[in-house]
Amino acid sequence: MGVPAISLFLLLAPAAHAIDAIVLEVGELRVAGIPVEGASARLDLLSDKATRVTLTARAATLPDPVNQLSDLAFVCTSPVIADPRFGCDAGRFTGRGGPTGAFDVSMTALVNLETGITTFGGSGLKLAGTTAAFDGTLDDKGWQVKGRTGTTTVVALRKFAAPWFELPKDITGDGKVTLEGSAADAGKGTLVDATMDLDGVSLTNEASTIVTDGLAAVARVRARFGETSTALDVDVSGRQGQVLVNPVLLDFGKNPMTLVSHATMKGDVVAIESLRFTQTDLIELTGTGSVNLAGELPVVSGDFQLAKFQFPAAYTSYMQITLATTSVLSDLRTSGSLSGTLAVRENGITALHLAPRALELHDNKDRLHLSEVNGEVNWTPAGIANAPTSKLSWSKGGAYGLSGGAATIEFLAQGAGFRVTKPTKLPVFDGALAIDTLSLGNLDGDNMEVAFKGKVEPISMPLLTKAFGWPEFSGTLAASVPGVTLKDNVLTFQGNVESEVFGGHIVGSNIRMQDPLGRFPQFFADVRARDLDLGLLTQTFEVGSITGKLEVDVLGLELFAWSPTAFNARLATPKGDKSRHRISAKAVSSLSNVGGGGGGVVQALQSGVLRFFDEYSYDKLGITCKLVGDVCEMSGIEPAGVGYYIVKGAGLPRIDIIGSQGRVNWNQLLSSISTTEFGNATTQ
């Protein structure tokens, strides 16, 4: 049944006084391209001034998502007759089907016979826990309809949308939602424009890895369905609240967000022709690319430009949760910015470029600091020829109490590898770590590899010991590191590591470490020290004053989780040492504690003629300890009756320190060094 038939009914109404009703039935017809089945029209003459028009249809088929409607009835109680305009100012439209399952709507409709245009509108449509209103037009060229809802809730909307779309069941929460949209078809494909306005939306999943808190946002999607492709425009803005999609945390109150993109979908491929993502005072990202949805996982390719990545918001929003498990980077004060580019091909990164500008990184626990970081960082997959190098510089930096001045490092980053391309120096206090070569490999796996060669240029020991919280040392620390490698989880030092400290020379050899980055590393080494100045050494520790030279051998050293489990140690006066040998009364007491009998020694020094002397001469001193497990087998420089000499005196008065302990628990031995409650010793 078409518009002329309806108009005929309305024209006959004033003249049909002797007729109670007129009925017209039509098997099939099309209205604005929409097929209608079992249509009928009825005109009821209720009185001289009142008429009623009833239009019914068994079924009508509309495009998605409405699809088929059935049991349609439109009852008009206020017809409009004003040639060429005919219609209804007050009517009711009911039926079954469509997204709501059933509908009962107050409607108006008007047809203009001259233009062929039908306009209509409705209100009171029950939809997702609220009501909706709509209006639209029909003509021989096509149709269009616009709709809007009142405010509903996330819970009600999820229930309504379940046949077409479902959030994961473990996501719970609520909030306010309003919807607005339009649809049209003028013969060139259906155009859909839908907007969702969210306010106060708080959701979470069971694992708390997806969370929204007080989210206020607007999302608009426009789609034009063509014969072979669909054009898509997406516009999203976030104005309030927080969103966590682990590990990213976005705060739209501090950094409002906009996302604008234009794409075309053809088959399983979405071609992203433009993409722009911004957050105020945080990020500006643009790009183009494609997403192939044919497989189990989407395949992404694209080129993206990062115009701005502003700190500190960049750290708190995009980095802090990921870095929370790293002790050094988990709690930083940051400022500055990054820019860069990213190329992705079939889910793989093919090129990455980052440019830090005036970047500041300061750990709140003073474990790391870098100031004014600038430069260029380039990364490419392994095997790319002529890969670009990278360069970073900073004005000052440091870690774990160590600090230094300006430095520059040039390197190559490819695949899971890193290599310094030019020798460089990293200042440390008044010295430096000079890097000749440094390379890292397998950074993406558990079997990382390292190769290093360089040296430590002289650093003042007072500065180092203060940084580490140790007693203050005098002198400088310098070392040569001929080579270090990490392979198969074993860190090996090639050749010897040498340094100058306490006026002497220290050499470490056969150095290696198993599981160096694990919880329980194992360390192995042989350490030899020659010509150590006992005066400098004893000034550092509160053991009293001793002058002379000292040589030290710690062979077969084994540490487990940095606690000793084995070594063969010897500390002794070098043979032929001609330096002045003097030992203070306090030092005598301290060394007696090691061998036993510290209390007796103190009593002896405070009685008789010895109480008038502050220091004594000695011929030689020494002690050995062979540690196996937690037991130290002790001896001295030579036998002394039932014991052994720790200090063999010289001159008058003569002080001999004789140890009597052969097997000593290691922890008790450590305790005895700092107390006066251990074993027996004698003085003469």
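Trainee: What makes Gly508 count as buried or exposed?
Mentor: Buried means under 20% relative accessible area, exposed over 50%, and partly exposed in between, with a 1.4 Å probe and protein chains only. Gly508 has a relative accessible area of 8%, so Gly508 is buried. One caution: this is a predicted model, where local features need pLDDT of at least 70, side-chain atom pairs count only at pLDDT 80 or more, and totals for chains, interfaces and linings use all residues. Residues are numbered from 1 along each chain as its sequence is written, and side-chain values use heavy atoms, with hydrogens and water left out.

Trainee: Where does Gly508 lie, and what does Gly508 touch?
Mentor: Gly508 is in strand 35; strands are DSSP runs of E with at least two residues, helices are runs of H or I with at least four, and both are numbered from the N terminus. Not counting residues up to four places away in sequence, Gly508 touches Gly495, Asn496, Val497 and Asp526, where contact means heavy atoms within 4.5 Å.

Trainee: Why is Ser261 called buried?
Mentor: Ser261 sits at 15% relative accessibility, so the residue counts as buried. Ser261 belongs to strand 17 (residues 257-266). Leaving aside neighbours within four places in sequence, Ser261 contacts Leu232, Asp233, Val234, Ser274 and Leu275.

Trainee: And what label does Val155 get?
Mentor: Val155 has a relative accessible area of 47%, so Val155 is partly exposed. You'll find Val155 in helix 2 (residues 154-161). Val155 touches Gly173 and Asp174, not counting residues up to four places away in sequence.

Trainee: How do you know which type of aromatic pair Phe309 and Tyr318 make?
Mentor: Rings of Phe, Tyr and Trp (its six-membered ring) pair if their centres lie within 6.5 Å; planes under 30 degrees apart count as stacked, over 60 as edge-to-face and the rest as tilted. By this rule the count comes to 9 aromatic pairs. For Phe309 and Tyr318 the centres are 5.6 Å apart and the planes are at 55°, so this pair is tilted. Both Phe309 and Tyr318 are buried. What about a stacked case? Phe520 and Phe560 are stacked, at 5.9 Å centre to centre and 0° between the planes.

Trainee: Where are Phe520 and Phe560 in the chain?
Mentor: Phe520 is in the loop between strand 35 (504-514) and strand 36 (522-533), while Phe560 is in strand 37 (residues 549-560), 40 residues apart, and the pair links distant parts of the chain. Phe520 has 44% relative accessibility, so Phe520 counts as partly exposed. Phe560 is at 40%, so Phe560 counts as partly exposed as well.

Trainee: Zooming out, how does the radius of gyration of the protein chain sit against a compact globule?
Mentor: The radius is taken over C-alpha atoms, and the globule rule is 2.2 Å times the number of residues to the power 0.38. For 684 residues a compact globule would be near 26 Å, but the protein chain has 44 Å. The C-alpha trace spans about 150 × 55 × 35 Å along its principal axes.

Trainee: How many helices and strands does the protein chain have?
Mentor: There are 8 helices and 46 strands, and 38% of the 684 residues count as buried.
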